[in-house]
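Here is a short briefing to read alongside your structure. Have the sequence and the 3D view open, and we will go through a few spots together.

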Amino acid sequence: MFMDVAWAIIVIAGFLEPCWVYTLERSDNLRDVKWALLTVAIVVVDLYLLSVAMVPLGAGTAYAVWTGIGAIVTLIMGLILYDESASLVRMMFILMIVAGIVGLNVTAGGA
């Protein structure tokens, strides 16, 4: 698999993370069957994409990027959907996660 494809896959998987977090929250502790099934389906696809991207990128890089993207997008969702704090300190830490993901992408050429 080409490295660019692996990076695209891990980015897609990273964006699926907050999707299942959202559907899990909507499922009312998995009591709402429709939302619970959607959560499970998204998790299965998400983990599959992570496993595919791990082969060329390596487990450490793929997992770090996957969780980083998921954390960033989930935090942004919290700001928009749940009126969570957008303090300067929180935004600085989000930028640090973004910098880490960019750094892993730039330095992963030989992986």
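Where does Asn29 lie? Asn29 sits in the loop between α1 and α2, the latter spanning residues 33-57. Please keep in mind that this is a predicted model.

- Asn29 is not a glycine, yet its phi is positive, at about 60°.
- With 63% relative accessibility, Asn29 counts as exposed, because the cut-off for that class is over 50%.
- Leu30 also belongs to the loop between α1 and α2.
- Phi of Leu30 is positive too, near 65°, and this residue is likewise something other than glycine.
- Leu30 has a relative accessible area of 49% and is therefore partly exposed.
- As background for these angles, most residues other than glycine have a negative phi.

- Ile9 is part of helix α1, which covers residues 3-26.
- Because its relative accessible area is 14%, Ile9 is buried; the cut-off here is under 20%.
- Ile9 and Val52 are separated by 43 residues in sequence, while their C-alpha atoms are 7.8 Å apart in space.

- Leu81 is partly exposed, with a relative accessible area of 47%.

How values were computed:
Residues numbered from 1 in each chain as written. Predicted model: local features only at pLDDT ≥ 70, side-chain atom pairs only at ≥ 80, totals over all residues. Heavy atoms only, no water. Helix = DSSP H or I, 4+ residues; strand = E, 2+ residues; numbered from the N terminus. Buried < 20%, exposed > 50% of the residue type's maximum accessible area, 1.4 Å probe, protein only.
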